[in-house]
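Visitor: I have just opened this entry and would like to understand the labels. Could you walk me through how each one is reached?

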Amino acid sequence: MSRVPRIAPRLLRQPWQTTQREGATAVAVLRPTTVRLYSTTPARAHAAQPSGTGSSVSASEVTHFTNLASSWWDPHGPSRLLHLMNPLRHDFIKSCLSTSADSAAVGPERAKKYAYLDIGCGGGIFASSAARLPSTSSVTAIDPTAEVIKVAKEHQRADPLLSLPGRLNYVNCAIEDLESHLKTFDFVTLFEVIEHIDRPSTFLRQALNHLKPGGWLIGSTIARHPLSYFTTKVIAEAPWPIGVVPRGTHDWDKYINPSELRDWFAKENREASERGEEDIYGAVKVEGCVCLPLVGWKFVGRSEEFGNYFFGVQKLR
Amino acid sequence: MLSRSASKSSRYICKACRSTINASRKRKFGTNSITLNPTSDDIYDVVTVGGGPVGLALLAALKTSPSTSHLKCLLVESQSLAKQKSWSLPPDAYSNRASSITPTNQSFLEAIEAWRHLDLTRVQPYDEMQVWDAGNAASIQFDWSAEAIKYNAPLRTVATMVENSNLSRGLLRRIEDVGAEESLMSGWNVKGIGNGIDDPEGCNLSTWPVLELQQIGSEGSQNTKQIATRLLIGADGINSPVRTFAGINTNGWDYGRHGVVATLQVESSSDPASPFQNSVSNDDFDSALEDFLSDDPKSSSSSSQPNFENITPSNRATAFQRFLPALGGPIAILPLPNNHASLVWSTTPQIASYLKSLSPSAFTATVNAALRLEQVDIQYLFSLPTTISEPNNTTPHESELTWRLQHTKSTLPSRSPPWITALQPNTIASFPLRLRNATSYIAPRIALAGDAAHTIHPLAGQGLNLGLGDAECLSRTIRYAVEHGMDIGDLMALQGYSGERYAAAVRVSTGVDLLNKVYQISSGDGLVGSLLGAARGLGMRAVGMVPGVREAIMRTVD
């Protein structure tokens, strides 16, 4: 089932035309796109795929993030919005836990300690913050971009708590290369990652393989809506002083809507029940958030339809 | 944005930290270089320098909250905390350093379970503040009576007088209660503060403050310690070494005034449990209130209706402040239990040293004069010699006071100030009054609280209250940061504290400073002086008459 934005396309892009990502001054394009999660071909047919058909990694994305590596930890740099969003990630995780059976365990001295797998960790904004929590036993953080992993490790050195053995491990690899550690993590986190993945369906399956039964997949991404085009491409990627992220950071065609996520997990559950098994996944929990100037990120009800949102789903078995 | 040059070096330090490290390479206090590679024993999460009420309240708050109780904390104080913990005075003697604690701060102290460790027989809640001006006939009364009458509720406390030592002792008891006594390092001096080093085989602590501590009384380099900390808190007073290390400047000025403090004994009122209550008895008031509220036409025509503007029900105690513009500043009498009171008199250095040289009976006479006589009369008293005694061993001050009282027509507020009967021995002291505000309350891995951040004029009794507000906000900020996995020394984590407290401190200190300025002008006797004095009086009356303004003022310092 495909979902199209309700606005008529003004211009259909021809395959030979370059995109904004590659630096050309293309006109705004709002063409109908098929739903992202079920397509097995990359969203942009002309994207280069030098790393082979089995990889979730897009070379253009790697190049883009390599250039951003040096400024990752600058609180007033291009990653500022990620720094400001990070506390909300923890709030969302707590609210997911409170809906699951784990809600009985309260207080910092609860015996259960969590193991995290952070996919696409970048410079380690979330991974390092998760590693500091008293309720964390270990964090494994992976990213295919070597430069950002170097930056993350350098940041780790500045904190004795993060340098405790086994607490925080950065690995420069892609999810499909993480052969071991299947089904060993309480949390698999994908913050601002899935909109940079060319084949999200395969990627999700690989990520979910690493979850323990009862574990949660938690992530954040952006909905594909004309308003999110306006806010994340026109405003956020505008030149200084208006813009807040570098040009080319996002590709609107790769955004995923909450309904598409829900449908995907419902399909997995349906296939399981056709095989005579129980549901694999619980209900998908979604919370929209909005970045307001001078205020920062706030959870805003129903904003997941047109903007940034968090999603969480529990693997029941 | 993509034009920002990408550093290919693996040793990346972001621009903000780079400028900080370059500045902090020069940032030192008291030592040329500190080389330190601390073992994990010497690495702390929170080190507070300063064991006054603000530093102690912060430690107690961190150890009380379950989210932050696991943090490795240390509090360094040069004086003996054991002596403070064993402080004790008999019930008829009170320390001359007492502060007026607002209800909000009392709630904070209750929340961290420190309030119950105070000796509550030695604290005095008061329900009313009488303020009047020697330059005119205006007076204003601050209390919550409008609300009490409106809701038929007991009167709300304006503030509570607490001896600083009582508060410190209570906080130390709470810290022991919660098992955090080993976090106290008393009798140690901060010899120097520097930065850690970047160990290629270990951690990079080059942005971490490292303190060199020396035990007081030990010679040479014995008994020194070096400790590194994730967050260094300066609660170390107006000349804060931590603030100097952080390279933070202060703005402000000296008022050219001294605050004279003393503990006084006052004449007991009819009800010994309520100091200074000598105008209306509770029973009279209650029956009058009943008549007033009933719809009975007979009672409404009664002639003996009290004026509810000026009388409050069930008053426990009253604080008094009289502005003396010609004599350098206000005199305040703040109630303490058992017919005692605390004096805070802001005046010129000359008058302050004169007062300190007086004999006890001359001193009490002068204080009584300052509350009742015209300014010219009080000025005359300052010219009297301090050593001559008249027959019957009375001082010239007492005889002058007695004579001038008969001829004085100065106005008193609706509730009269108490008559001072004696001075508690060895309690007169003075300190210079200054306004200081640090240009920033935070720096990377540094936060300032209490007098290290801001010092204000005592005329509104807000100095310690601002400091306790800092402790509450900082403990809440640290708690939020820990719960969200932040590095508590990160500027992004500390920004919430700075935003909230900087605005509060500027508001209060500016308000108090402006009020002080208003009451410093027209110190002369001429036409301009009396005109400005009359203008001030109008202003004071206006504040009292416009409904809600008084309550709004009280709310800002609540």
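Guide: Gladly, and keep in mind that this is a predicted model. Let's start with Glu113(B), which sits in the loop between helix 4 (103-111) and strand 4 (124-126) of chain B.

Visitor: Why is Glu113(B) called partly exposed?

Guide: Its relative accessible area is 32%. Buried needs a value under 20% and exposed a value over 50%, so Glu113(B), at 32%, is partly exposed.

Visitor: Which phi value does Arg445(B) have, and where is Arg445(B) placed?

Guide: Arg445(B) is not a glycine either, yet its phi is positive, about 65°. You will find Arg445(B) in the loop between strand 18 (442-443) and strand 19 (446-448) of chain B.

Visitor: How do you know whether Arg445(B) is buried or exposed?

Guide: Its relative accessibility is 8%. The cut-off for buried is under 20%, so Arg445(B) counts as buried.

Visitor: And Asp377(B), why is that residue called what it is, buried or exposed?

Guide: Asp377(B) belongs to helix 12 (residues 375-382) of chain B. With a relative accessible area of 12%, Asp377(B) falls under the 20% limit, so it is buried. Leaving out residues up to four places away in sequence, Asp377(B) touches Arg404(B) and Thr408(B).

Visitor: What makes helix 11 of chain B "mostly covered"?

Guide: Of its 13 residues, 11 are buried. Among them are Phe363(B), Val367(B), Asn368(B) and Arg372(B). Helix 11 covers residues 360-372 and reaches 19 Å from its first C-alpha to its last, close to the 18 Å expected at 1.5 Å a residue.

Visitor: Now the two chains. Why is the pairing of Asp198(B) and Arg157(A) called a salt bridge?

Guide: Their side chains meet at 2.7 Å, N to O. The rule asks for a side-chain nitrogen of Lys or Arg within 4 Å of a carboxyl oxygen of Asp or Glu, so this pair qualifies. Across the interface of chain B and chain A the rule finds 2 salt bridges.

Visitor: How many residues take part in the contact, and how much area is buried?

Guide: Chain B gives 34 residues and chain A gives 36 residues. Between them, the chains bury about 2,900 Å², with 59% of it on carbon and sulfur atoms.

Conventions:
Residues numbered from 1 in each chain as written. Chains lettered and ligands numbered in written order. Predicted model: local features only at pLDDT ≥ 70, side-chain atom pairs only at ≥ 80, totals over all residues. Heavy atoms only, no water. Contact = heavy atoms within 4.5 Å. Buried area = accessible area lost by both parts, 1.4 Å probe. Helix = DSSP H or I, 4+ residues; strand = E, 2+ residues; numbered from the N terminus. Expected span 1.5 Å × (residues − 1). Buried < 20%, exposed > 50% of the residue type's maximum accessible area, 1.4 Å probe, protein only.
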